[in-house]
Amino acid sequence: MSDTRYLEWPFFEERHRRLARELEAWAQAHVPQRHGDDVDAECRALVRALGADGWLKNAVAGMPYGNLDTVDTRAICLIRETLARHSGLADFAFAMQGLGSGAISLQGTPEQRERYLSRVGRGEAIAAFALSEPEAGSDVGALQCSARIEGSHAVIDGVKTWISNGGIADFYVVFARTGEAAGSRGISAFIVDAGTPGLDIAKRIDVIAPHPLAQLRFTNCRVPLTQRVGQPGEGFKVAMRTLDVFRTSVAAAALGFARRALDEALHRATTRRMFNQTLADFQLTQAKLAQMATTIDSSALLVYRAAWMRDGGHSITREAAMAKLTATEGAQQVIDSAVQIFGGLGVVSEQPVERLYREIRSLRIYEGASEVQQLIIARELLKDLAAAGKDV
């Protein structure tokens, strides 16, 4: 197990430390280290297990659905870090329950929360977040999927892609252009149940680290207006509030991958003999291990600073971007170093470091690519500079 001294940092309360210890014990007993060919079935099984043993209640907010009235960002980050260290698919199963239902946790009506969050928290319903489109990823303002209002219903037409849990979800939170204003200000969010006429799985998408992923097509898909999340035209705000929570947790998952890579590298370096000594005896290896550990701690400080600030009620647009950028890029470097320490064995299929090498790559892209995080950080810096200038 990775060094857990970071749990003593002042970012955490005793309940967070207890949560991390209990989940680590649970993961060792219940999370498989290897996965078979039926990723859909394994993902469903992981959701059921996480729900049955109470972990998914940390992914949703509001009593009696979750463990707290509000989303506990630090708890979500600790859970994702711990699960990612054991299994990328287990982390995915937990994270998508939170992201897919996050808009309902944050802005859902009491009826929506009762209908969906209780089932999500028990692992009885699988959630999905449907924002991205073929021509609208990071640029949400370019979204083309539309929802026209006809009486008491919204009629959705368009395509969504890169939708995690696509094909196995029980419901999707879908963002569509309703036209109240131009750009990002004319978008609304709707809950669309799987099986609703007009919603089709256009195709499944295979990626290098397998998980349920699909393109969705909406054709005259009629949804009651009671399924709208938040106010008309405020879907962009709903999406950004949701992503602000889970962008930080993406960084935490990267941190979990990096910690596992360092664990594997340390074991390899101290047991692999070469030229009558171990790899760990070489100064080159020691330098690499030192850089890996320093990168991990640097990332962890940014991740848990952002989570702590959000739980304290602060805006964390800049801090979350810094955490995601640093943790995902850093984890890629740490994992690459681990593969190098393993040598030829590091690229053998399904070796832990080989699997980590595939799993980390997408985290540098989804929920805002690294380049987008750089733009966000710079924008926030310039905004602060302009505000300071006005105060002079």
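The residues lining the largest cavity of this predicted model divide into 4 nonpolar, 3 polar and 4 charged. In this classification Ala, Val, Leu, Ile, Met, Phe, Trp, Tyr, Cys and Pro count as nonpolar, Asp, Glu, Lys and Arg as charged, and the others, Gly among them, as polar. The lining itself consists of Ala84, Arg85, His86, Ser87, Gly88, Phe257, Arg260, Pro352, Arg355, Leu356 and Glu359. Two or more of these residues come from each of helix H3 (73-86), helix H6 (235-271) and helix H9 (352-361). H9 gives the most, with 4 residues. Helices (H or I, at least four residues) and strands (E, at least two) are DSSP runs, numbered from the N terminus.

The model is predicted, so local features need pLDDT of at least 70 and side-chain atom pairs count only at pLDDT 80 or more, while totals for chains, interfaces and linings use all residues. Residues are numbered from 1 along each chain as its sequence is written, and side-chain values use heavy atoms, with hydrogens and water left out.

## Cavities and pocket

Rolling a probe the size of a water molecule over the atoms shows where empty space is left. On a 1 Å grid over the protein atoms alone, a cavity is a set of points where a 1.4 Å probe fits but cannot get out, whereas a pocket is an open set with protein on both sides within 12 Å along at least five of seven lines; lining residues have an atom within 4 Å of a point. Grid points are joined across faces, edges and corners, and a volume is the space filled by probe spheres set on the points. A search of the whole structure finds 2 cavities of 30 Å³ or more.

| Space | Volume | Lining by class | Element giving the most |
|---|---|---|---|
| Largest cavity | about 50 Å³ | 4 nonpolar, 3 polar, 4 charged | H9, 4 residues |
| Second largest pocket | about 260 Å³ | 6 nonpolar, 2 polar, 5 charged | H6, 4 residues |

The second largest cavity is lined by Ala254, Leu255, Ala258, Thr295, Ile296, Ser299, Ala327, Gly330, Ala331 and Val334. At least two residues of this lining are supplied by each of H6, helix H7 (283-311) and helix H8 (317-342).

Of its 13 lining residues, Asp3, Arg5, Arg259, Leu262 and Asp297 are the closest to the centre. H6 and H7 each supply at least two residues of this pocket lining.

## Helix H8

H8 has 26 residues, which at 1.5 Å a residue should span 38 Å, and its end C-alpha atoms are 38 Å apart, in agreement. The expected span is 1.5 Å times one less than the number of residues in the helix. Of the 26 residues of H8, 19 are buried, so the helix is largely enclosed by the rest of the structure. Buried means under 20% relative accessible area, exposed over 50%, and partly exposed in between (1.4 Å probe, protein chains only). Just after H8, Gly343 takes a positive phi of about 65°.

## Nonpolar cores

In soluble globular proteins, nonpolar side chains tend to be buried together. A nonpolar core is here a set of buried Ala, Val, Leu, Ile, Met, Phe, Trp, Tyr and Cys residues joined through side-chain atoms within 4.5 Å. The largest such core has 71 residues, of which Leu83, Ile156, Phe171, Phe175 and Phe218 touch the most other members. Helix H4 (residues 88-107) contributes the largest share of this core, 9 residues. A second, separate core of 47 residues includes Leu7, Ala20, Ala84 and Tyr304.

Contact means heavy atoms within 4.5 Å. Leaving aside residues up to four places away in sequence, Ile156 touches Cys145, Ser146, Ala147, Phe190, Val192, Phe218, Thr219, Asn220, Cys221 and Val223.

Asn220 is found in strand E7 (residues 213-224). Its phi is near 50°, a positive value in a residue other than glycine, and at 45% relative accessibility Asn220 counts as partly exposed.

Strand E3 (residues 153-164) contains Thr161, and Trp162 also has its place in E3. Thr161 is buried, with a relative accessible area of 5%, whereas Trp162 is exposed, with a relative accessible area of 52%. Phi of Trp162 is near 60°, a positive value in a residue other than glycine. Thr161 touches Ser132, Glu133, Pro134, Ile205, Ala214 and Gln215, not counting residues up to four places away in sequence.
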